[in-house]
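Welcome, and thanks for taking a look at this one. Have the sequence and the 3D view ready, and let's walk through the fold together.

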Amino acid sequence: MDSFEVSKEELERIYTLYRKTVYRMAKTILKCQFTATHITEKSFVLLHNYWTSPKTDEELRDYLLMISAELSLETHKAFTSLSDPDVKEHFDTIHQEILSMPTPYREALMYTLLLKMTHVDACEMMGVNRSLFRVHLYRGQEMLRQKYGENYVKLV
């Protein structure tokens with residue numbers, strides 16, 4: 001069985017293509033340029049370990065955004081250290097639920113609930129029109145409502 005190896009040129013192409021997007025997500029969460037830069041670099045290191053077979057650009061982008069969001073949220077939680085264990089547990093549970101959703105729903109919820117982006121900014125980050133964004137957001141919210149009831153937003 002042949003082993004898969006990513007060329008330096010391909011890594012540089014993906015880095016050039018998605019570096020600003022990954023950085024923007026980390027900076028939005030952390031509000032700190034230095035830490036966002038560190039998270040961005042770490043996301044690409046983790047991507048290199050993940051990239052063990054051929055992947056589409058979209059799969060790589062999804063992975064980078066998911067890793068960047070996870071690292072940024074973990075870092076943010078460490079900086080703010082939620083003091084109430086019940087609040088932290090609910091936040092972690094809903095965060096994990098969002099991360100397990102299909103990509104369009106996950107991104108729409110991450111951008112609006114977790115990152116507090118406007119719908120216009122979220123549409124731009126996702127590369128979709130507002131109508132499609134609203135469908136993804138509604139369906140993701142509906143999945144959370146079914147599992148956690150109407151008050152899920154208070155838990156995020």
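**Briefing: a helical chain and its core**

D62 counts as buried because its relative accessibility is 12%, and the cut-off for buried is under 20%. Please keep in mind that this is a predicted model. D62 sits in helix α3, so let's start from the whole chain and work back to that helix.

**Overall fold**
- The protein chain contains 8 helices and 0 strands, giving the pattern α-α-α-α-α-α-α-α when read along the sequence.
- The protein chain has 156 residues, and 38% of them count as buried.
- Contacts between residues at least 6 apart in sequence include a 63% share that joins residues at least 24 apart.
- The accessible surface of the protein chain is about 9300 Å², and carbon and sulfur atoms account for 53% of that surface.

**The nonpolar core**
- In soluble globular proteins, nonpolar side chains tend to be buried together.
- Here, the largest nonpolar core has 41 residues, and I14, M25, L47, I98 and Y111 are those with the most contacts inside it.
- At least two residues of this core come from each of α1 (8–30), α2, α3 (57–80), α4 (85–99), α5 (103–114), α6 (119–126) and α7 (130–148).
- The helix that gives the most to this core is α3, with 8 residues.
- Which residues does I14 touch, leaving aside its neighbours within four places in sequence? I14 is in contact with R19, F44, L47, W51, D57, L60 and L64.

**Helix α2**
- Helix α2 runs over residues 33–50, which makes 18 residues.
- From first C-alpha to last, α2 reaches 26 Å, close to the 26 Å expected at 1.5 Å a residue.
- Which residues of α2 are buried? They are T35, A36, I39, T40, S43, F44 and L47.
- An α-helix has 3.6 residues a turn, so residues three or four places apart point the same way.

**Y18 in helix α1**
- Y18 lies in helix α1. With a relative accessible area of 11%, Y18 is buried, because buried means under 20%.
- Leaving aside neighbours within four places in sequence, Y18 is in contact with F44, D57, E58, R61 and L64.
- Y18 and T40 are 22 residues apart in sequence, and their C-alpha atoms are 9.7 Å apart in space.

**The second largest pocket**
- How big is the volume of the second largest pocket? The volume is about 160 Å³.
- Its lining is made up of E58, R61, D62, T103, P104, E107, M126, V128 and H136.
- Helices α3 and α5 each supply at least two residues of that lining.
- Back to D62, one of the lining residues: leaving aside its neighbours within four places in sequence, D62 is in contact with T103, R106 and E107.

- V135 and P104 are 31 residues apart along the chain, and 9.4 Å separates their C-alpha atoms.

Note on methods:
Residues are numbered from 1 along each chain as its sequence is written. This is a predicted model: local features need pLDDT of at least 70, side-chain atom pairs count only at pLDDT 80 or more; totals for chains, interfaces and linings use all residues. Side-chain values use heavy atoms; hydrogens and water are left out. Helices (H or I, at least four residues) and strands (E, at least two) are DSSP runs, numbered from the N terminus. Buried means under 20% relative accessible area, exposed over 50%, partly exposed in between (1.4 Å probe, protein chains only). Contact means heavy atoms within 4.5 Å. Accessible areas come from the Shrake-Rupley method with a 1.4 Å probe; for residues, only the protein chains shown count as cover. The expected span of a helix is 1.5 Å times one less than its number of residues. A nonpolar core is a set of buried Ala, Val, Leu, Ile, Met, Phe, Trp, Tyr and Cys residues joined through side-chain atoms within 4.5 Å. On a 1 Å grid over the protein atoms alone, a cavity is a set of points where a 1.4 Å probe fits but cannot get out, and a pocket is an open set with protein on both sides within 12 Å along at least five of seven lines; lining residues have an atom within 4 Å of a point. Grid points are joined across faces, edges and corners, and a volume is the space filled by probe spheres set on the points.
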